[in-house]
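Subject: the model we talked about

Hi,

Here is the structure I promised to pass on.

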Amino acid sequence: MPDTKQNPGVTTISDQRATITAASPADAAIPGRRRTHRAQATVHRLFAKSRAVRRLTVGTLAQVELAILGGHKQPGPMKLIRKVRSERESLLSGNEAFMIYSLARTQRAVGGIMAEVGVFQGCSAKLISLGARPDELHLFDTFEGLPDPDHAERKSMRRGHYAASLEAVRAYLSDQPNLHFHKGMFTGENVSCADRKFSLVHLDVDLKEGTLSCLKFFYPRMLPGGVIVSHDYSYLAGVREAFDEFLADKPERAVELPTSQAMLIKG
Ligand SMILES: C[S@@+](CC[C@H](N)C(=O)[O-])C[C@H]1O[C@@H](n2cnc3c(N)ncnc32)[C@H](O)[C@@H]1O
């Protein structure tokens, strides 16, 4: 995690094939790091386009990770996570699914309510619901897929990627209590639960603008000890930029996890 106070802003490196964003000027000087960022953009483009690629890559990785976790974690939660992971398509690896479930279980003790922005088919939402049994879980999604990516993001994502119907997700999650669905693009405007405090927020919106809107809305509404966890911080330059820019004048820093996730613990 770069110290954005020492390195204000981020460094963007453009070339013919991809716009890649390094986390710090030091990143830009490392050719291996540049190759990694370019490879990540290519991989994400393939993911977003093809369900078969996702099944082959993320699906296989998830199975391997869950098998490894099964060697040392409690069997009950592992069985549950494996079941949920198999019920619907998800972009979560096994370790990421475990992290979300585990955070949900822990953050229940903080009080407040929970939210997710970026629901897709409902897999991560179900893990939060099962892990925490929160008093309220607010689920935000366009349910029409990604909104317009910005210029750089268009290289790996398109409007409409990851579309899932609200009716199908509602039916899938019908056995879960206390869910509140919000259909539409999340901008932080006119949010019905704006007067509430949150203990856990899961962000999985892929794009910089959406991630920034979420951080601006949820950060002041997090309880002390509340956690905002985001998917794709390590894969998607826009998500990383949103966190780094947003946190530049805040006391907290994003904790990058061994998965693609990062989390911020509200002080
Ligand atoms: C990668 S998918 C989420 C995957 C899901 N969390 C899972 O575990 O399977 C990204 C989702 O974010 C939604 N999305 C992206 N930007 C959004 C925004 N600004 N407002 C609402 N939904 C958004 C898309 O519709 C899509 O369903």
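Below is what came out of going through it.

First, the ground rules. This is a predicted model, so local features need pLDDT of at least 70 and side-chain atom pairs count only at pLDDT 80 or more, while totals for chains, interfaces and linings use all residues. Residues are numbered from 1 along each chain as its sequence is written.

**Overall**

The protein chain has nine helices and nine strands; these are DSSP runs (H or I of at least four residues for helices, E of at least two for strands), numbered from the N terminus. Of its 267 residues, 42% count as buried, meaning that 20 or more other C-beta atoms lie within 10 Å of the residue's own, with 12 or fewer for exposed, partly exposed in between, and C-beta atoms placed from the backbone. Among contacts with a separation of 6 or more, 66% are between residues 24 or more positions apart; a contact here is two C-beta atoms, placed from the backbone, within 7 Å.

**Helix α6**

Nine of the 10 residues of α6 are buried, so this helix is largely enclosed by the rest of the structure. The buried ones are C123, S124, A125, K126, L127, I128, S129, G131 and A132. They pack against α4, α5, β3, β4, β5 and β6. Just after the helix, R133 takes a positive phi of about 45 degrees.

**α4 against α6**

Helix α4 (residues 75-87) packs on α6 (residues 123-132) at an angle of about 155 degrees, with the axes 9 Å apart. Axes are lines fitted to C-alpha atoms over the stretch in contact, and angles run from 0 to 180 degrees between N-to-C directions. That makes α4 roughly antiparallel to α6, the label for angles over 145 degrees. On the α4 side, L80, I81, V84 and R85 meet C123, K126, L127 and L130 of α6. Those contact residues divide into six nonpolar, no polar and two charged (Lys and Arg are among the charged types, Leu, Ile, Val and Cys among the nonpolar ones).

**Strands around β9**

Strand β9 (residues 262-265) pairs with β7 (residues 222-230) in the antiparallel sense over four bridges; pairing takes at least two DSSP bridges. β8 (residues 255-256) and β9 are also antiparallel, over two bridges, and a hairpin of five residues joins them. A262 in β9 is the bridge partner of S230 and of E256.

Cheers

Key. Parallel < 35°, antiparallel > 145°, perpendicular 65-115°, else oblique.
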